[in-house]
Amino acid sequence: MSASAAGGHDTPVRAPSDEIACRNLRWCLALLDGLEAAGMRDLVISPGSRSTPVVLAAQRRPLVRITPILDERSAAFFALGLARAGGGPVALLATSGSAPTHWYPAVVEASEWGTALVLLSADRPPRLRGFGANQTIDQTRLFGAFTRESHDPGLPDDRPMALKAIRGLGLRVGQVSRGPRPGPVQINLPFDEPLVPSGDCGLAPAAPPAAGYAPRSDAPIMPLDTSVQALMRDWPAGRGIIVCGPGAEAPGLAEALDRHGRRLGLPVLADPLSGLRLGAATGARINTYDTLLRNPPAASRLRPDWVLRIGRPAVSKRLGEWLTGIPTLLIDPGGGWSDPSHDLIGRLSAAPTAVIDALPRAAAIQPQPDWLDRWRQADERTQTLLEGHLAVSPWCEGHLIRRLLERLPVGDALLCANSLPIRQLDTWASQRHAALPVFGNRGASGIDGQLSTLAGINAAGQPCWGLLGDLSFCHDLSGLLLAEDLKRPIIVINNGGGRIFDYLPQHGLPDFERMWRTPVTPDLAVLANAFGLAHQRVMDAADFDQALDAARSVTDPETEAPLIEVVIDADLSRRVRRDLWQQIAASREISAS
Ligand SMILES: Cc1ncc(C[n+]2csc(CCOP(=O)(O)OP(=O)(O)O)c2C)c(N)n1
Ligand SMILES: [Mg+2]
């Protein structure tokens, strides 16, 4: 019930400061909702001011039992006992400053024993840290190696995505605290003042707390950490897709995906860094998703009910946005939590091939050949449109990438740098008969260290070509000292600076060229020569073919590979790319898939 409905008046104008207090409250409600979904039923608090938003939220959660204890050290040992006897996780809450440091001995004990504690340390806003503000210390990573994870999500934010994220964090830390290696997990929670709203923030009235102990429900709808058997049993209903992100590749996976993907009618979207994108086409593989999802009717008709993801989130931003909100199952043999949209409903640390081989045992997965056919049709039509577009457009990255993929010798690999090169590769690397290992530093997506990484891959015995932007090349000039290890050509797309920014909202801001695009002035030929590398500047397709042929004809292992500088007119390239997207959006054939 809103304030106005309760009082029968017009909606009161809320003081701006109340916005902060209400935001704090909504943030904490979402966090507690996530923690409850992971089985948290007990919150042990010690009195304080900064922690107020969490207390106010907990008072609105009838399933949460609140126990106040003055001394934080004692509170933490009490929580430890609760968790030991009743299972966990049990949450602890303290105000900022020295308060949470008193949890330390109990945290150490919980860590050594393996007891599920969730440590909620309220904090002052980050802007006050390190400036002598009252009752403000560095609370991040306060417990060092004694917590399984420690998070510092920043000030509350009540936009829907942020609330979803903090709920997801609550669910995650609750799960992590429970195992497979149970133990304490910290979330540091900074809050701005005011901490107490003057009204009810438009929220429904709080339900009365449950009498006595609430029955503990340890399991969310589907346990996040699960077994293959449980995963197959609880598989969601409806139509699904498999997304293979960066690093997905595993022994036997390509064959398993081909076998079961086709039989079960499951489209397999293969990221350029998945190791599964290129090579003999399999019947279920979809490569042009980043492009075809730019067609709104297709994007809506092809939306699945669930996603099975292997590997890290895909390079394609468009795919990531489109997948947001779809229940996701994650297979990660390393036990990772790559879930940036907070949509996980199941998570399994297992060999991906074993999981794919088990798919036919999932009762909920009924073969749906027409679903896969629809995807394949959209993929083929997009492919045709891409070909037609390349045939008539002026020299740009599409031509370069297609030609490079045609000519890269079998057994060689390619390292593709951030940021436009990997995006262009995502668009244009859609066909090649032979497999091609593609490397990319997509863990943190830096433009740093590309030449050094390339030298390392080559030094490991994998002949590897480089495809870099002009800025990423210059960022790692000292990597050219390793030129001896660069056994294959380095292709540098010189488009006059960081042209990825041309596609971002910063484009057109005052001083855009100097502040964002930051073109480099040195002549790449001079740089290459200074490090003993041959240099060739390429202006069109014929030049490029000739440079590739010349590079491939060098068989002397003592000869260092050349630097091939490909000059691209970035404004023209951007127009070509925009044209393509418009054509895709308007394509009736793709819409009808
Ligand atoms: C180490 C690091 N610094 C800064 C960035 C931010 N950044 C992302 S892309 C980019 C520009 C890259 O320019 P270039 O290599 O020429 O590629 P282009 O975008 O022109 O294709 C920058 C500075 C980053 N990702 N990593
Ligand atoms: Mg550039």
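Which elements each supply at least two residues of the lining of the largest pocket? They are β10 (306-310) and α11 (317-323). Please keep in mind that this is a predicted model.

**The largest pocket**

Sorted by class, the lining of the largest pocket holds nine nonpolar, seven polar and seven charged residues.

**Around ligand 1**

Let's turn to the first ligand. Its shell consists of 18 residues, of which L420, D470, S472, G497 and R499 come nearest. By class, the shell around ligand 1 contains six nonpolar residues, nine polar ones and three charged ones.

| Residue and its atom | Ligand 1 atom | Distance |
|---|---|---|
| S445, polar backbone atom | nitrogen | 3.2 Å |
| D470, polar side-chain atom | oxygen | 2.5 Å |
| I500, backbone N or O atom | oxygen | 3.1 Å |

On its own, ligand 1 would expose 590 Å², and the protein buries 76% of that area. Two elements give two or more residues to the shell around ligand 1: α15 (420-428) and α17 (470-475). With four residues, α17 gives the most to this shell.

**The magnesium site**

Ligand 2 is a magnesium ion, and its protein donors are D470 (OD), N495 (OD1) and G497 (O). Along the chain, the donors follow the spacing D-x24-N-x1-G. What does the pair D470 and N495 tie together? D470 lies in helix α17, while N495 sits in the loop between β16 (490-494) and α18 (512-517), so the pair links parts that are 25 residues apart in sequence.

**Putting the two ligands together**

For D470, the picture includes a polar side-chain atom 2.5 Å from an oxygen atom of ligand 1, along with its place in helix α17. That helix is also the element that gives the most residues to the shell around ligand 1.

Terms used: Residues numbered from 1 in each chain as written. Chains lettered and ligands numbered in written order. Predicted model: local features only at pLDDT ≥ 70, side-chain atom pairs only at ≥ 80, totals over all residues. Heavy atoms only, no water. Near = heavy atom within 4 Å. Polar contact = N/O pair within 3.5 Å; in protein donor to acceptor, adjacent residues only side chain to side chain. Areas by Shrake-Rupley, 256 points an atom, 1.4 Å probe, with all protein chains shown as cover. Nonpolar A, V, L, I, M, F, W, Y, C, P; charged D, E, K, R; others polar. Donors = N, O, S within 2.8 Å, 3.2 Å for Na, K, Ca; no water.
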